[in-house]
Structure formats: structure tokens, C-alpha cells
Amino acid sequence: MKNICVLFLLISLFGLSGCQIREVNQTAVASGLGLELEGDKVRLSVQLAQPQPSQAGGSPSGEVPYVVLSGTGTTATEASRQISLSNPRIRLLSHTELLLMGENIAQKDVALLVDVIARRPDLRENALVMVTRHTTPEEVLKTQVPMELYSGMALPKLIRMQEKMLGIYVPATLSDFFFRLSTPGIE
């Protein structure tokens, strides 16, 4: 009787754990994520690493090692679905180091950004949050940075380095952003 109970417990523990298995060749790693308002529509942009055929050979000269995909919709979820229609891979947002918000969303509807980000438990709390000024998040993510493969990873490095050397930037991580947004008296 005891063996049957232990067997039932093990089957229920491992069989119903809810673990989702994702094959590496079915995923795309995101390094940057951007959100902007275009009129009454939401534009979501994501920078994804291009799969490389071989690490030893590197990428062919002139080829960009990433792709920036964007989608527009009445909600961020609809914009994300539109991106999913153009890319068959599952986006892994757990490696995202940069969250960009456009100038329009920063001025008009920060709550939309907070709603989108708060619903994604896989985003890093130490990802930098930045506002794009006089440009769109999509254009920033498409920017090539010398000596770095991805602008989504280069910009956080650049800001953190400048803050240490010059002290002119105050980097805001996702957890800092949420704390400052929810604390009375901090605008």
C-alpha cells in the first residue's frame, strides 16, 4: 500500500508538473524590447539574435547579427501576435537587457508600459529602462554599435560605463522604475 502511494505521488509530481519544454532551434533570444504609441495604436518592437550557422566561422561580413521585428495593434498583445505571424520562433525575453519606451508613451500613458511589463514575469529586473527622444524604439534597436553585436546589449553597457566614469546618467533598472513609479512624490 505504501509503495502504491509513493508511486502515485511520483507520477502526479512529475507527470503533472506543467513544465514546458522548448527546443533551442524553436526559440529566438531577445536582447531589446521597445514600446511606442502611434496615434491610438501600440507599436511593439523586439531585437532578436539571428541564428548563426557556426560559431567558428562567425557571421559573413556585412551581415547584421540580429533582426528587429515590429508589430502594431490596438493593444500590446495584438502587436505581439502580429510579430508572431512573421516569425515562427518563440521569443525568449528572459535575456532582454534593454526596455525602450517611446517619447509618446512616456508623456501620455506610462501605465500601458507598466501593464505590459508587469504581465511578463520572464523579464529581468535588472534590465535598463530608457526613453527614446526624437526617435522611435524601433530605430534605436536597428542602430549598429561599433564593437558590439547588439544595440540591445550595447546601450546598457554604455550607460553603465558612462555613469561610472562621468556620473551624468542615472541608470534606471526595471525594479528601480517600478519603485520610483509607485513611490509618492517621485515623478
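Strands E1 and E2 form a hairpin with 2 residues between them, and Gly-39 in the turn has a positive phi of about 70°. Strands here are DSSP runs of type E with at least two residues, helices are runs of type H or I with at least four, and both are numbered from the N terminus. The model is a predicted one, in which local features need pLDDT of at least 70 and side-chain atom pairs count only at pLDDT 80 or more, while totals for chains, interfaces and linings use all residues. Residues are numbered from 1 along each chain as its sequence is written, and side-chain values use heavy atoms, with hydrogens and water left out.

**Strand pairing.** Two strands pair if DSSP finds at least two bridges between them.

| Partner of E1 | Sense | Bridges |
|---|---|---|
| E2 (residues 41–49) | antiparallel | 8 bridges |
| E4 (residues 90–92) | parallel | 3 bridges |
| E5 (residues 98–101) | parallel | 4 bridges |

Glu-36 stands opposite Arg-43 in E2, Thr-27 stands opposite Ile-90 in E4, and Gly-32 has Leu-98 in E5 as its bridge partner.

Buried means under 20% relative accessible area, exposed means over 50%, and partly exposed lies in between, with a 1.4 Å probe and protein chains only.

**Nonpolar cores.** A nonpolar core is a set of buried Ala, Val, Leu, Ile, Met, Phe, Trp, Tyr and Cys residues joined through side-chain atoms within 4.5 Å. The largest has 27 residues, and Leu-35 and Val-46 are among those with the most contacts inside it. Elements giving two or more residues to this core include E1, E2, E5 and helix H4 (110–118). Apart from this core lies another, of 11 residues, among them Leu-98 and Leu-141.

What does Leu-35 contact, leaving aside its neighbours within four places in sequence? Its contacts include Val-42, Leu-44, Leu-100, Ile-105, Leu-113 and Pro-137. Contact here means heavy atoms within 4.5 Å.

On a 1 Å grid over the protein atoms alone, a cavity is a set of points where a 1.4 Å probe fits but cannot get out; a pocket is an open set with protein on both sides within 12 Å along at least five of seven lines; lining residues have an atom within 4 Å of a point. Grid points are joined across faces, edges and corners, and a volume is the space filled by probe spheres set on the points.

The search of the whole structure finds 1 cavity of 30 Å³ or more. The largest cavity has a volume of about 60 Å³, and Leu-35, Leu-44 and Leu-113 are among the residues that line it. E1, E5 and H4 each give two or more residues to this lining.

The largest pocket holds about 480 Å³ of space. Of its 17 lining residues, those closest to the centre are Met-101, Val-129, Val-131, Ala-172 and Phe-177. Strand E6 (128–131) and helix H7 give two or more residues to the lining, and the largest share, 4 residues, comes from E6.

**Aromatic pairs.** Rings of Phe, Tyr and Trp (its six-membered ring) pair if their centres lie within 6.5 Å; planes under 30 degrees apart count as stacked, over 60 as edge-to-face and the rest as tilted. The count comes to 2 aromatic pairs. The rings of Phe-177 and Phe-178 have centres 6.1 Å apart and planes at 40°, so this pair is tilted. Phe-177 is buried at 14% relative accessible area, whereas Phe-178 is partly exposed at 27%.
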